[in-house]
Amino acid sequence: MTLRRILWALLALLVLAAAGAYLMRAPLSVALATRLAAARLAADPIAELPDGLHVGTCGAGSPFPDDRRSGPCTLVIAGKRVFVFDAGSGAVRNLGKMGVNHGRIEAIFLTHLHSDHIDGLGELLLQRWVAGGNPAPVPVHGPAGVDVVVGGLMQAYAPDRQYRVAHHGEAVVPPGGFGGHAHPFEVGPDDAVVLLKDGDLEIAAFGVDHSPVKPAAGYRIRYKDRSAVLSGDTRKSASVQREAAGADLLVHEALSAPLVGVLQEGAQRAGRPNLVRIFADVIDYHTSPEQAAEIARDAKVRFLLLNHVVPPLPLPGMEKAFLAGAADVFSGPIRVAADGDLVSLPAGSREVSASRRF
């Protein structure tokens with residue numbers, strides 16, 4: 001057989017193999033999906049993390065539509081314990097992408113009751129109940145009014161609760177585990193209140209200035225010898241700097257007034273006066289990246305993660321424009337958060353490392 005005939009024979013075999021694979025694509029894809037599903041459901045990314053404090057962005061954005069940043073949501077893993085701070089739209093899906101079993105969530109903490117911080121809460125309450133077969137509702141800590149929000153969601157989802165119990169049975173979805181249990185707290189700008197203290201873990205809330213949104217809170221989390229502070233939505237606040245003093249990580253909201261101005265100009269040209277006014281109003285109760293950098297510098301934190309990013313940054317180069325002079329103010333590492341980011345603070349060390357989980 002000549003070389004040419006051999007090559008033609010090999011080509012024919014490849015074509016036949018490709019055709020066979022194409023014809024069998026449905027069963028092959030199902031077989032592969034079965035293996036992938038088993039591997040994913042058996043995986044426990046949390047178990048693979050070193051003992052310490054780990055802070056992730058299950059939502060790094062704001063009410064603005066943003067392909068890279070969903071509504072506000074922060075994941076905190078202390079040792080192997082799982083907590084969620086705020087639950088904006090996309091929270092449940094992003095937690096799943098990060099490998100979190102929703103059933104393991106011990107408690108939820110809300111910074112304030114703006115819609116973008118709670119519009120994923122109902123879904124999160126349901127998934128936490130169903131995914132783990134939890135026998136008791138999840139504690140939901142928040143400023144005054146959290147009881148109204150949680151009670152309203154439980155009322156809204158009451159028919160769904162009935163359907164799921166009837167369908168799956170009480171052994172799978174215990175009726176008593178449905179929803180959340182609200183834990184309102186009061187806190188002012190000059191103090192902090194400890195909400196959870198258990199062994200090596202402490203979670204405290206403190207007041208911030210997001211006026212006219214009152215009350216609004218930030219959080220300080222300490223686990224063993226590591227610490228992180230979450231600003232929540234706020235103007236530049238002395239309380240954030242006070243609580244962040246010496247922290248390993250400061251997760252601070254940030255808004256770029258010049259970039260919001262671009263949107264305002266676009267709304268003006270489009271004849272959208274309502275949006276023009278909204279874009280003007282949002283600037284006065286948030287913090288600029290440079291101001292967040294000032295807080296990080298003066299508090300002597302080790303890592304600054306900017307979240308609740310306003311406005312969206314869809315084009316190359318916009319993150320640099322967003323940061324503006326922040327890097328000139330704070331000499332430590334600064335990261336503009338995106339969904340799926342995780343900052344790890346291993347116990348017993350000074351290490352701070354950032355990674356992407358999806």
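Analyst: The largest nonpolar core has 29 residues, and L75, L95, I108, L121, L124 and V140 have the most contacts inside it. The elements that give two or more residues to this core are β2, β3 (81-85), α4 (91-97), β4 (105-109), α6 (121-132), β5 (138-143) and α7 (146-156). With four residues, α7 gives the most. This is a predicted model: local features need pLDDT of at least 70, side-chain atom pairs count only at pLDDT 80 or more, and totals for chains, interfaces and linings use all residues. Residues are numbered from 1 along each chain as its sequence is written, and side-chain values use heavy atoms, without hydrogens and water.

User: What makes a set of residues a nonpolar core?

Analyst: The members are buried Ala, Val, Leu, Ile, Met, Phe, Trp, Tyr and Cys residues joined through side-chain atoms within 4.5 Å. Buried means under 20% relative accessible area, exposed means over 50%, and partly exposed is in between (1.4 Å probe, protein chains only). Of the 358 residues of the protein chain, 46% count as buried.

User: Why is the pair C58 and C73 called a disulfide?

Analyst: The rule asks for a pair of cysteine sulfur atoms within 2.5 Å. The S to S distance between C58 and C73 is 2.1 Å, so the pair meets the rule. The count by this rule is one disulfide. Strands here are DSSP runs of E with at least two residues, and helices are runs of H or I with at least four, numbered from the N terminus.

User: Why is this disulfide called left-handed?

Analyst: The torsion about the S-S bond of C58 and C73 is about -80 degrees, so the disulfide is left-handed.

User: Are C58 and C73 buried or exposed?

Analyst: C58 has 0% relative accessibility and therefore counts as buried. C73, at 2%, is buried too.

User: How do you know that β7 and β8 pair?

Analyst: Pairing requires that DSSP finds at least two bridges between two strands. Six bridges join β7 (residues 192-198) to β8 (residues 201-207), and the strands run antiparallel. V194, for example, has A204 in β8 as its bridge partner. The two strands form a hairpin with two residues between them, and G199 in the turn has a positive phi of about 60 degrees.

User: Why is L16 called exposed?

Analyst: L16 has a relative accessible area of 59%, so the cut-off for exposed is passed. L16 is in helix α1 (residues 3-23).
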